[in-house]
Amino acid sequence: MSAPEKEVMELLERDESRASVPWSLAWWLAFGQLFSWGILYYTFTVIIDAIQAETGWTRPFLNGGLSLGLLVWGLSALPIGVFIQRRGGRMVMTGGSFIGGLSLLGMAGMGHPLGYLLSWVGMGIAMGALLYDPAFAVITQTFRSRYREGITLVTLLGGLASTVFIPLIYFLESHLGWRGALQSCAGLLLFLGAPMHWWVLPSAAPATFSKKTTSASARAREWFRTLRGEISNRRFLGLMFWFTAYIGAFSGLTFLIIPLLLAMGVASESVLQAVVIIGPMQVVGRLLLASAGKQFSSLRVGRWAMGLLGFSLLILLFLPKTMLWLGSFAVLFGMGNGVMTILKGTAPAELFGTERYSELNGALSAPGVLSKAISPWLLAALWNTGVDPKWVFGAILGMIIVGSGSLEILARQEKREPSMS
């Protein structure tokens with residue numbers, strides 16, 4: 001048994017009120033999120049032009065591969081959550097590193113459109129097994145009542161993934177070509193990510209998460225009955241619509257903000273300067289939440305975060321596109337999104353308790369990932385009709401308003417139906 005694993009298991013055996021928390025596990029998971037997000041999520045944005053130039057494939061087809069990967073991620077979210085609930089995160093996150101590395105190698109060596117799409121299927125499975133939600137589930141299992149602190153730490157490093165890896169991948173692509181860059185990233189997942197997750201994660205879920213001694217069919221019926229009751233709960237539905245609308249808005253803006261602002265006549269230097277601000281401000285938002293947000297509920301903090309996101313869209317819609325206002329947009333949007341990333345991990349545990357966190361978070365993640373995949377495509381289709389780019393920003397603001405409305409309905413329901421945490 002490895003040292004981090006032994007630390008986790010010993011802490012779980014002690015009385016929770018007296019035990020410390022396994023910070024070494026959280027730091028290792030945070031490091032894993034840094035390069036997993038950097039490799040699996042941001043590499044494509046850097047190398048897509050090089051792939052198109054060599055293969056001649058259209059950009060809609062290439063982006064369709066990304067959408068396929070995100071679709072697979074969404075479909076895999078619940079099964080992965082169920083597996084972590086029963087068996088812990090070691091096999092899932094180690095396997096995700098292997099699958100992701102092999103998929104990148106396949107993409108680097110492919111020469112046929114079918115091979116490209118199959119590589120994205122593997123990438124989607126890897127994203128579902130590695131990016132945030134599995135790490136949040138492991139943290140919730142091991143940190144127990146102090147899960148908020150662990151989740152915050154994990155997101156602090158994860159928020160720097162684009163800042164670290166986009167320049168790194170540009171460097172690799174310029175020196176090794178896009179195939180060499182993919183092979184280098186695959187090596188990181190295979191020879192760093194997989195061994196690290198195998199070594200640091202507990203070999204099994206804590207006893208309170210272990211499967212029962214009844215028959216498999218009885219357990220399956222009980223599981224389905226319980227899950228069906230939980231996901232039909234009005235609080236769960238409110239949480240789902242809140243997160244789904246937010247993720248759709250974030251995804252659409254992330255993929256379209258640069259071309260939209262350029263189409264509005266904003267200088268490319270100003271656009272890039274504003275976009276670069278977003279990543280660090282995500283970290284600032286998370287640090288503020290970690291230092292001053294402990295005494296507030298996730299729903300109350302969520303109101304502030306959604307307000308920041310809404311005001312940032314109003315800036316894009318109605319104020320001049322000077323660097324002052326573009327920078328103000330980036331500050332508000334970055335801080336709001338940084339806080340929302342943490343809330344996505346903490347709100348389910350706060351509202352429904354930690355006993356079935358992995359499964360419920362998987363069920364919540366599925367529609368959110370589908371929204372992440374579909375939103376950029378729908379917004380691009382709206383723009384392609386010839387409307388002013390402001391209409392696209394208005395549609396994104398509409399998603400924020402829908403999410404805020406869902407949050408308010410959830411808050412009212414929470415007053416009538418107390419949380420389980």
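Modeller: Start inside: the structure holds three cavities of 30 Å³ or more. This is a predicted model, in which local features need pLDDT of at least 70 and side-chain atom pairs count only at pLDDT 80 or more, while totals for chains, interfaces and linings use all residues. Residues are numbered from 1 along each chain as its sequence is written, and side-chain values use heavy atoms, with hydrogens and water left out.

Colleague: What makes a space a cavity?

Modeller: A 1 Å grid is laid over the protein atoms alone, and a cavity is a set of its points where a 1.4 Å probe fits but cannot get out. Points join across faces, edges and corners, and the volume is the space filled by probe spheres set on them. In the largest cavity that space is about 100 Å³.

Colleague: What classes of residue make up the lining of the largest cavity?

Modeller: Six are nonpolar, six polar and one charged. Nonpolar means Ala, Val, Leu, Ile, Met, Phe, Trp, Tyr, Cys or Pro; charged means Asp, Glu, Lys or Arg; the others, Gly among them, are polar.

Colleague: How does the second largest cavity compare by class?

Modeller: Its lining has nine nonpolar residues, one polar and no charged ones. The volume is about 40 Å³. Lining residues include Ile39, Phe44, Trp120 and Leu182. H3 supplies the largest share, three residues.

Colleague: Why is H4 called a helix, and how do you know its length fits?

Modeller: Helices are DSSP runs of H or I, at least four residues long, numbered from the N terminus. H4 covers residues 59-87, which is 29 residues. The expected span is 1.5 Å times one less than the number of residues.

Colleague: Where is the kink in H4?

Modeller: At Ala77, shortly before Pro79, with a bend of about 40°. The bend is the angle between axes fitted to the seven residues ending at a residue and the seven starting there. After H4 comes Gly88, with a positive phi near 85°.

Colleague: And where does H11 kink?

Modeller: At Leu256, by about 55°, shortly before Pro259. H11 (residues 234-263) reaches 42 Å, close to the expected 44 Å.

Colleague: What makes H11 largely enclosed?

Modeller: Of its 30 residues, 21 are buried, so the rest of the structure largely encloses H11. Buried means under 20% relative accessible area, exposed over 50%, and partly exposed in between, with a 1.4 Å probe and protein chains only. Phe250 lies in H11. Its value is 17%, so Phe250 counts as buried.

Colleague: Why is the contact of Glu54 with Arg179 called a salt bridge?

Modeller: The rule asks for a side-chain nitrogen of Lys or Arg within 4 Å of a carboxyl oxygen of Asp or Glu. Here the closest N and O atoms are 2.7 Å apart, so the pair qualifies. Glu54 is in helix H3 (residues 43-55) and Arg179 in helix H9 (residues 161-200), 125 residues apart. Glu54 is partly exposed at 47%, and so is Arg179 at 25%.

Colleague: How many salt bridges does the rule give?

Modeller: Five. One of them joins Lys344 and Asp133, at 3.1 Å from N to O. That pair links helix H14 (residues 323-352) to helix H7 (residues 133-143), 211 residues apart. Lys344 is buried at 13%, and Asp133 at 14%.

Colleague: Are Arg148 and Glu350 buried or exposed?

Modeller: Both are buried. They too form a salt bridge, with the closest N and O atoms 2.9 Å apart. Arg148 sits in helix H8 (residues 147-158) and Glu350 in H14, 202 residues apart.

Methods
Helices (H or I, at least four residues) and strands (E, at least two) are DSSP runs, numbered from the N terminus. On a 1 Å grid over the protein atoms alone, a cavity is a set of points where a 1.4 Å probe fits but cannot get out, and a pocket is an open set with protein on both sides within 12 Å along at least five of seven lines; lining residues have an atom within 4 Å of a point.
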